[in-house]
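Work through the exercises below with the sequence and the coordinates open. Try each task before you read its solution.

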Amino acid sequence: MNRKPAVAGRFYPAQPQQLHAEIAGFLQQAEPAEQVPKAIIAPHAGYIYSGPIAASAYVRLKPAAGSIKRVVLIGPSHRVAFRGLAVSRTHAYTTPLGDVPVDRTAVETLLQLPFVEYIEQAHTLEHSLEVQLPFLQEVLRDFSLVPIVAGDASPNQVSQVLDLLWDGPETLLVVSSDLSHYHSYASAQRMDRNTSQLIEQLRYQDIGGEDACGKVAVNGLLKLLGEKGLSIKTIDLRNSGDTAGDKQQVVGYGAYVVD
């Protein structure tokens, strides 16, 4: 049972060669770094809007292309309201670039937590996870996936899940989130700079849904980083007015890495 693409042809190209070329172009324009992140926060809009910002984080995974074997991917639910965290019975996530197998053992481990359950509807049409996968397929080799859709969950619940699957350098954590939505260009810049400062300061208690649509997952990651004595830094901060949209009502995008 595979989870089929829901937004191919809308958020990103449905044709494999075109998709490959588009992502490769974003990655070529991004600035590489020698340090491979343990975790990243990347945006999840249509690629023409957020692709360049996402590439800023994903390009840093290239040196670990053969060593990262599992990706824990968590993003917000845009279509289905529920409490806790949702996993799926699917055995693979499919994109135009192929299938990504799901780590069923990890999923079964998460189900032992009382706030994690199977909610297929949360995965079927959700784009926040799907748009990250072609980037992962482009920069990594063989890896398995632990896909998690976040509903109404506490930072403590999310941090428990991420800590449970933290493991070593073979495991990458990816949090999917955009920033502010539908403000003027100047207002969005101001808001997103403030949110980025809160993220870097690990002030998860102060980040709300108006700051980051993926705040449930973001705040859980930040809580865990504080507990582990780790830091996170902003490596890209732009909005749709900088990439492919007008400057009247923009959506903010940030890329962040935990080295």
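## Exercise 1: Overall shape

Task: decide what radius of gyration a compact globule with 259 residues would have, and whether the protein agrees or disagrees.

Solution. 
- Step 1. For 259 residues, a compact globule would have a radius of gyration near 18 Å.
- Step 2. The protein has 17 Å, which agrees. The model is a predicted one.
- Step 3. Turn to the box. Along the principal axes, the C-alpha atoms fill roughly 45 × 45 × 35 Å.
- Step 4. Of the 259 residues, 56% are buried.
- Step 5. The accessible surface is about 10600 Å², and carbon and sulfur atoms hold 47% of that.

## Exercise 2: Fold and charges

Task: how many helices and strands does the protein have? What share of its contacts with a separation of 6 or more comes from residues 24 or more positions apart? How far apart are the mean positions of its positive and negative charges?

Solution. 
- Step 1. The secondary structure consists of ten helices and twelve strands.
- Step 2. Take the contacts with a separation of 6 or more. Residues 24 or more positions apart account for 81% of them.
- Step 3. Count the charges: 22 are positive and 27 are negative. Their mean positions lie 0 Å apart.

## Exercise 3: Thr171

Task: is Thr171 buried or exposed? Which side chain forms a polar contact with the side chain of Thr171?

Solution. 
- Step 1. Locate the residue. Thr171 belongs to strand 9, residues 171–176.
- Step 2. Check the accessibility. The cut-off for buried is under 20%. Thr171 has 2% relative accessibility, so the residue counts as buried.
- Step 3. Find the polar partner. The side chains of Thr171 and Arg70 are joined by a polar contact of 3.4 Å.
- Step 4. List the contacts, leaving aside neighbours within four places in sequence. Thr171 is in contact with Lys38, Arg70, Val72, Leu165 and Trp166.

## Exercise 4: Ile40

Task: which residues does Ile40 touch, not counting residues up to four places away in sequence?

Solution. 
- Step 1. Ile40 is in strand 2, residues 39–42.
- Step 2. Its relative accessible area is 0%, so Ile40 is buried.
- Step 3. Beyond four places in sequence, Ile40 touches Ala57, Tyr58, Leu173, Val174, Val175, Tyr256 and Val257.
- Step 4. Now a distance. Ala212 is 172 residues from Ile40 in sequence, and their C-alpha atoms are 15 Å apart in space.

## Exercise 5: Positive phi

Task: what is the phi of Tyr182, and what is the phi of Leu202?

Solution. 
- Step 1. Recall the background. Most residues other than glycine have a negative phi.
- Step 2. Tyr182 has a positive phi near 65°. Tyr182 sits in strand 10, residues 181–183. Its relative accessible area is 54%, so Tyr182 is exposed.
- Step 3. Leu202 also has a positive phi, near 60°. Leu202 lies in the loop between helix 8 (185–200) and helix 9 (215–228).

## Exercise 6: Sorting by accessibility

Solution. 
- Step 1. Thr195 is in helix 8. Leaving aside neighbours within four places, its contacts are Leu179 and Asp211.
- Step 2. Gly98 is in strand 6, residues 98–101. Outside four places in sequence, Gly98 is in contact with Tyr93 and Gln137. The C-alpha atoms of Gly98 and Leu173 are 21 Å apart.
- Step 3. Thr109 is in helix 3, residues 104–110. Val161 is 52 residues away along the chain, with a C-alpha separation of 9.6 Å.
- Step 4. Ser231 is in the loop between helix 9 and strand 11 (233–239). Not counting residues up to four places away, Ser231 touches Val257 and Val258. Arg10 is 221 residues away along the chain, and the two C-alpha atoms are separated by 35 Å.

Notes. Residues are numbered from 1 along each chain as its sequence is written. This is a predicted model: local features need pLDDT of at least 70, side-chain atom pairs count only at pLDDT 80 or more; totals for chains, interfaces and linings use all residues. Side-chain values use heavy atoms; hydrogens and water are left out. Helices (H or I, at least four residues) and strands (E, at least two) are DSSP runs, numbered from the N terminus. Buried means under 20% relative accessible area, exposed over 50%, partly exposed in between (1.4 Å probe, protein chains only). A polar contact is a pair of N or O atoms within 3.5 Å; within protein, one must be able to donate a hydrogen and the other to accept it, and residues adjacent in sequence count only if both atoms are side-chain atoms. Contact means heavy atoms within 4.5 Å. The radius of gyration is taken over C-alpha atoms; the globule rule is 2.2 Å times the number of residues to the power 0.38. Accessible areas come from the Shrake-Rupley method with a 1.4 Å probe; for residues, only the protein chains shown count as cover. Lys and Arg count as positive and Asp and Glu as negative; His and the chain ends are not counted. The place of a charge is taken as NZ of Lys, CZ of Arg, CG of Asp or CD of Glu.
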